[in-house]
Amino acid sequence: MTDKLYYSDGELRSFEARVVSCEPEGGAWAVVLDRTALFPGGGGQDADSGTVGGLEVIGMREEDETVVHILPAPLGVGETVTGTVDWALRFPRMQSHTGEHIFSGTVHRLYNGENVGFHMGGGYMTLDFSVELSAADIARCELEANRAVWRDIAVNSLLPDGDALSALDYRSKKELHGRVRIVEIPGVDLCACCAPHCARTGEVGLIKAVDSMRHRGGTRLSLVCGAAAYSDYAALHSANAAVSAALSAKRLETAQAVERVLREAAEMHSEIGRLRRDILALKAGALPEREGNLCLFEPDLDAVTLRELVNAGVSKCSGVCAGFTGADGDYRYMIGSRSADLRAAAREINSGIAGRGGGSPARIQGSARASREEIEAFFASHSFE
Ligand SMILES: [Zn+2]
């Protein structure tokens with residue numbers, strides 16, 4: 001059994017230990033020490049990085065209370081070595097994990113909700129709770145959790161024996177056997193957990209819920225703590241500052257400014273639509289009366305406007321009026337006629353303009369892959385009376 005120094009002191013960054021065993025394993029070496037401050041992973045938290053005897057730890061695992069360090073070279077059994085913990089990686093994870101305890105303990109206390117799922121990765125944590133939490137409930141838990149941070153409460157590690165353990169009312173995701181390690185934050189949380197934690201809640205810095213959704217009858221929440229919460233705030237601040245500058249809005253009024261811009265854009269869009277229809281009506285009205293077919297091309301029309309254009313064109317020609325919108329190789333079309341049976345002519349027309357589509361005797365619509373030049377040549381040389 002390895003003496004897990006990180007149980008009682010999560011802040012230990014280096015330690016001395018004796019090499020108990022060293023066995024070759026898949027091109028590397030599996031090394032057991034009498035004690036270690038390196039966490040092998042568990043409880044949702046990844047294994048530590050670090051060194052043992054000057055060698056980089058390339059993997060870790062735990063077997064029946066024994067921590068195994070995978071090293072690239074052997075160490076002498078009985079030798080005393082120094083180990084180090086990659087603190088830049090470890091500390092933010094402890095902030096996140098300790099923040100998760102504070103938040104989950106708060107949800108448990110205020111709403112009797114159990115934490116039934118937990119994932120840590122890339123700074124953002126996902127927490128699943130057994131109860132539905134409204135936005136107001138989450139805001140209340142968040143404030144309570146941050147108050148626990150501000151009170152800078154000591155985080156205790158307990159290893160109670162059987163009777164003392166069964167007398168404790170602690171949170172746990174599963175039935176536990178053997179020696180159970182309990183993490184206690186007095187007045188806030190009592191939870192079975194194997195991972196290293198901050199020594200005091202103040203080290204967590206900040207706890208912020210950033211997203212939530214209903215999930216399996218409960219709530220799934222995204223939470224950021226400590227350094228990750230700071231990075232999240234800094235990124236949000238930059239994004240908001242850019243919007244603030246672009247819209248000349250005060251920094252806390254960017255949402256209203258964006259709403260205003262979107263409203264104005266929608267009004268402009270509908271005004272532009274109205275003007276385009278007016279222009280097309282004028283264009284169609286100005287078309288000279290002609291014998292034969294009429295082809296009309298407009299770059300970007302919706303289906304309603306295309307139909308209005310074709311209807312106007314039909315009255316100006318003796319043949320069919322074919323309206324196209326889009327660009328060469330990718331047109332949508334609508335074709336109308338006063339006298340031709342377009343449903344009967346659809347196959348011939350589609351084969352002439354590399355198109356697909358159909359409709360009624362008076363009107364067909366579809367898409368065409370031909371170029372404008374090819375389309376105009378086809379309608380100039382064909383009659384559908
Ligand atoms: Zn924990």
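How many other C-beta atoms lie within 10 Å of Leu110, and is Leu110 buried, exposed or partly exposed? I will come to that in a moment, after two remarks on what we are looking at. This is a predicted model, in which local features need pLDDT of at least 70 and side-chain atom pairs count only at pLDDT 80 or more, while totals for chains, interfaces and linings use all residues. Residues are numbered from 1 along each chain, as its sequence is written.

Now to the opening question. Leu110 has 13 other C-beta atoms within 10 Å, so it is partly exposed; a residue is called buried if 20 or more other C-beta atoms lie within 10 Å of its own, exposed if 12 or fewer, and partly exposed in between, with the C-beta atoms placed from the backbone. Leu110 sits in helix H2, where helices (H or I, at least four residues) and strands (E, at least two) are DSSP runs numbered from the N terminus. If we set aside its neighbours within four places in sequence, Leu110 is in contact with Arg140, Cys141 and Glu144, contact being defined as C-beta atoms, placed from the backbone, within 7 Å of each other. From C-alpha to C-alpha, Leu110 and Cys141 are 7.6 Å apart in space, although 31 residues separate them in sequence. Arg140, for its part, belongs to helix H3, residues 135-150, and it is also 30 residues from Leu110 along the chain, with 9.1 Å between the two C-alpha atoms. Arg140 has 16 other C-beta atoms within 10 Å and is therefore partly exposed.

Staying with helix H2, let me turn to Phe91, which is placed in that helix and counts as partly exposed because it has 19 C-beta neighbours inside 10 Å.

How does H2 pack against H5? Helix H2, residues 87-111, and helix H5, residues 226-247, pack at an angle of about 95°, with their axes 6 Å apart; the axes are lines fitted to C-alpha atoms, for helices over the stretch in contact, and the angles run from 0 to 180 degrees between N-to-C directions. The angle makes H2 roughly perpendicular to H5, given that angles under 35 degrees count as roughly parallel, over 145 as roughly antiparallel, 65 to 115 as roughly perpendicular and the rest as oblique. On the H2 side the contact is made by Pro92, Gln95, Ser96 and Gly99, and on the H5 side by Gly226, Ala227 and Ala228. Sorted by class, this contact has three nonpolar, four polar and no charged residues, where Ala, Val, Leu, Ile, Met, Phe, Trp, Tyr, Cys and Pro count as nonpolar, Asp, Glu, Lys and Arg as charged, and the others, Gly among them, as polar.

Also in helix H5 is Ala229, which is buried, with 23 other C-beta atoms within 10 Å. Leaving aside neighbours within four places in sequence, Ala229 is in contact with Gly205, Leu206, Ile207, Lys208 and Val224.

At the level of the whole chain, the domain assignment gives domain 1 (3-85), domain 2 (90-243) and domain 3 (287-381), with the bounds coming from an automatic or database domain assignment. The centres of domain 1 and domain 2, taken over C-alpha atoms, are separated by 27 Å, and 13 residues of domain 1 are in contact with 16 residues of domain 2. On the side of domain 1 that touches domain 2, the largest share, three residues, comes from helix H1, residues 5-8, and the residues of that side divide into four nonpolar, six polar and three charged.

Most residues other than glycine have a negative phi. Asp64, however, has a positive phi of about 45° although it is not a glycine, and Glu65 has a positive phi near 70°. Asp64 lies in the loop between strand E7 (59-63) and strand E8 (66-71), and Glu65 is found in the loop between E7 and E8. Asp64 is exposed, with 6 other C-beta atoms within 10 Å, and Glu65 is exposed with 11.

I will end with helix H9, residues 372-381, in which Ile375, Phe378 and Phe379 are buried. These residues cover an arc of only 90° around the axis, which puts them on the same side of H9; the arc is that of the directions from the helix axis to the C-beta atoms. Glu373, Ala380 and Ser381 are exposed on the other side of H9. The buried residues pack against strand E17 (294-298), strand E18 (320-327), helix H8 (342-352) and strand E21 (363-368).

How values were computed
Contact = placed C-beta atoms within 7 Å.
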